[in-house]
Amino acid sequence: MLWTPSDLAGNREPSYGASMDQPPPRKVEHQQTDRGYIPVYATGVVEQPWSGYTRTDHEVWDTLYQRQRELLPGRACKEFLAGVERFGLGDGGIPKFSELNKVLVKATGWELVAVEGLLPDEVFFDHLANRRFPVSWWIRKPDQLDYLSEPDLFHDLFGHVPLLLNPVFADYMQAYGRGGMKAFAIGPEALMNLTRLYWYTVEFGLMNTPEGMRIYGAGIVSSKGESIYCLDSPSPNRIGFGLERVMSTRYRIDTYQQTYFVIDDFAQLFNATRPDFTPIYAKLGAEPAHAAADVLDGDRVFTRGTREGFATGADT
């Protein structure tokens with residue numbers, strides 16, 4: 001995964017089995033309109049166009065990697081940091097998925113597949129259910145280091161993939177994919193309940209460890225600002241994980257989170273996916289959802305936030 005000036009000049013073989021005759025994959029991004037961003041979905045699997053990455057692309061990866069790697073010790077959970085080291089994500093430049101797959105398949109039976117952008121729900125769930133993790137092949141621009149409205153290669157790869165080396169978390173992700181296929185068949189309300197579970201665990205989860213509160217959510221570990229905010233700010237709530245509590249709680253997509261849910265360990269997550277969710281969907285469908293900033297009677301409260309700077313409305 002080490003890159004050199006001769007690599008960047010194009011003097012290398014196409015990776016991942018790519019053919020020189022194949023057209024380059026598309027970069028599928030949300031579209032900006034006068035009403036905001038409209039999601040645009042990709043569907044197929046593509047070859048990672050590693051030989052097509054520019055010097056700037058590799059420098060963006062290195063910049064993002066270095067600042068998170070310096071920031072996250074003492075903040076991210078040990079399982080995530082171990083995965084980063086095991087993959088060698090800091091060897092220089094954008095990693096080759098084919099090289100990472102040699103480690104990942106052997107460890108937990110998962111593999112990375114390159115995609116052009118955000119996937120429709122059913123396609124995404126099918127990948128997870130079959131132990132395939134989709135990673136956007138393209139990386140953000142230098143002026144987007146601190147914010148991007150959708151997942152790019154750095155978020156997907158650095159944020160998500162290291163924990164797929166952990167057997168328990170890897171099993172949780174597959175169970176989530178299988179559950180997603182069922183929820184998709186049940187209907188949109190069930191799908192929303194399940195989406196909230198993903199949001200508050202896989203993307204923005206915290207873990208209570210003997211060493212203190214730690215991050216495991218991909219949306220946090222891939223963000224400098226939220227890696228600091230989620231642990232240091234007095235504003236957000238930090239509440240113990242409960243399956244129905246999480247599935248009935250709306251979330252924010254336009255700001256840092258107003259509430260973070262805290263697990264004890266990954267076994268707690270995996271065990272939460274064992275029951276049939278069908279009666280849970282029926283129960284939650286008859287009850288109002290909770291606002292993102294709510295603290296309820298019965299919550300296991302690690303921190304009741306001050307709510308300073310909270311936006312109002314627009315919970316998802």
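Trainee: Over how many bridges do strand β6 (residues 206-209) and β7 pair?

Mentor: The model is predicted: local features need pLDDT of at least 70 and side-chain atom pairs count only at pLDDT 80 or more, while totals for chains, interfaces and linings use all residues. Residues are numbered from 1 along each chain as its sequence is written, and side-chain values use heavy atoms, leaving out hydrogens and water. Helices (H or I, at least four residues) and strands (E, at least two) are DSSP runs numbered from the N terminus, and two strands pair if DSSP finds at least two bridges between them. Strand β6 and β7 pair in the antiparallel sense, and the number of bridges is 4.

Trainee: Which residue of β7 is the bridge partner of Thr-209?

Mentor: A hairpin through 2 residues joins β6 to β7. In β7, Thr-209 has as its bridge partner Gly-212.

Trainee: Which are the edge strands of the sheet that holds this pair?

Mentor: The open sheet has 5 strands with mixed pairing, in the order β7-β6-β9-β8-β10. On average, its neighbouring strands are turned by 35° against each other, direction ignored. An edge strand pairs on one side only, and this applies to β7 (212-215) and β10 (301-303).

Trainee: Are helices α7 and α8 roughly parallel or roughly antiparallel to each other?

Mentor: Helix α7 (residues 167-186) and helix α8 (residues 188-203) pack with their axes 8 Å apart and at an angle of about 160°. Axes are lines fitted to C-alpha atoms over the stretch in contact, and angles run from 0 to 180 degrees between N-to-C directions. Angles over 145 degrees count as roughly antiparallel, under 35 as roughly parallel, 65 to 115 as roughly perpendicular and the rest as oblique. Therefore α7 and α8 are roughly antiparallel.

Trainee: Is Thr-201 buried or exposed?

Mentor: Thr-201 lies in helix α8. Beyond four places away in sequence, Thr-201 touches Tyr-172, Tyr-216, Gly-217, Phe-241 and Leu-269. With a 1.4 Å probe and protein chains only, buried means under 20% relative accessible area, exposed over 50%, and partly exposed in between. Because its relative accessibility is 1%, Thr-201 counts as buried.

Trainee: What is the relative accessible area of Asp-91?

Mentor: Asp-91 is placed in the loop between α3 (78-87) and α4 (97-108). Asp-62 is 29 residues away from Asp-91 in sequence, and the two are 9.1 Å apart in space, C-alpha to C-alpha. Asp-91 is partly exposed, because its relative accessible area is 44%.

Trainee: Which residues of helix α10 (residues 224-232) are buried?

Mentor: Their cover includes α2 (55-71), β6, β7, α9 (218-221), β8 (237-240) and β9 (259-263). The buried residues of α10 are Glu-226, Ser-227, Tyr-229 and Cys-230.

How values were computed:
Contact means heavy atoms within 4.5 Å.
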